[in-house]
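I opened this notebook to keep track of what I looked up, entry by entry.

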Amino acid sequence: MNKISVKKFLPGIAWFFVVLILMCMPGEDVPKVDWLERISFDKIVHIGVFGLLAVLFCWPFYKSGYASKERLQYFVKISIAVSIWGLAIEFIQKFFIPGRSFDMVDWAADSTGAALSYWFCSKMFTRRPVT
């Protein structure tokens, strides 16, 4: 069995907490820019933030000795976990963060980011890594 050092997951863990802090900002602290709201820029941000989260957790598996098939299985699990984390954030916002609410479209954007990261990792991270 291959083992991956916890140290290799530190970028993903750090980004996890950055995401938590950003998503738990009270509503009045979230900057509002009219033209960005009209183009739903926040959805693009959600896709990028959650996509990066998934990629950062997939990266250590890419650099590991796991076979491509095993890596793909981890990539699926990571992408699903990131999508579930996006859903959990929506509930946290609804019940615990003043001025924030549950937004199904935000969760769809989070899940899109997770799915795109799976696609990216399955294409780029199944080849043998350069060590």
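Before reading any residue, I noted the cut-offs: buried means under 20% relative accessible area, exposed means over 50%, and partly exposed is what lies in between. I also noted that this is a predicted model.

**Entry 1: a residue between the cut-offs.** I looked up Phe-91 and found a relative accessible area of 39%, so Phe-91 is partly exposed. Phe-95, at 52% relative accessibility, counts as exposed. Both residues belong to helix α4, which covers residues 68–96, and because they are 4 residues apart there, about one helical turn separates them.

**Entry 2: the rings.** I reminded myself that a pair of aromatic rings is described by the distance of the centres and the angle of the planes. The count of aromatic pairs in the model comes to 14. For Phe-91 and Phe-95 I found ring centres 6.4 Å apart and planes at 5°, so this pair is stacked.

How are the rings of Phe-91 and Phe-102 placed, stacked or tilted? Their centres are 4.9 Å apart and their planes stand at 50°, so I wrote this pair down as tilted. Since Phe-91 lies in helix α4 and Phe-102 in the loop between α4 and α5 (104–124), the pair ties together parts that are 11 residues apart in sequence. Phe-102 is itself partly exposed, because its relative accessible area is 28%.

**Entry 3: a cluster and a charge.** I then found one aromatic cluster formed by Phe-9, Phe-57, Phe-61, Tyr-66 and Tyr-74. Over the ring of Tyr-74 sits the charged end of Lys-77, 5.4 Å from the ring centre.

**Entry 4: the core.** Phe-61, which I had met in the aromatic cluster, came up again in the largest nonpolar core, which has 22 residues. Which members of that core touch the most other members? I listed Phe-50, Phe-61, Ile-78, Val-82 and Phe-125. The helices α1, α3 (41–62), α4 and α5 each supply at least two residues of this core, and α3 gives the most to it, with 9 residues.

**Entry 5: the surface.** Lastly I looked for nonpolar side chains on the outside, and found that Val-6, Leu-10, Ile-13 and Phe-17 form a nonpolar patch on the surface, with about 360 Å² of accessible area together. Val-6 has its place in the segment before α1 (10–23), and Val-6 counts as exposed because its relative accessibility is 59%.

Notes:
Residues numbered from 1 in each chain as written. Predicted model: local features only at pLDDT ≥ 70, side-chain atom pairs only at ≥ 80, totals over all residues. Heavy atoms only, no water. Patch = residues over 30% accessible without salt bridge, like charges linked within 9 Å, V, L, I, M, F, W, Y side chains within 5 Å. Areas by Shrake-Rupley, 256 points an atom, 1.4 Å probe, with all protein chains shown as cover. Salt bridge = Lys/Arg side-chain N within 4 Å of Asp/Glu carboxyl O. Buried < 20%, exposed > 50% of the residue type's maximum accessible area, 1.4 Å probe, protein only. Phe/Tyr/Trp six-rings, centres within 6.5 Å; stacked < 30°, edge-to-face > 60°. Lys NZ or Arg CZ within 6 Å of the ring centre and 35° of its normal. Core = buried A, V, L, I, M, F, W, Y, C linked by side-chain atoms within 4.5 Å.
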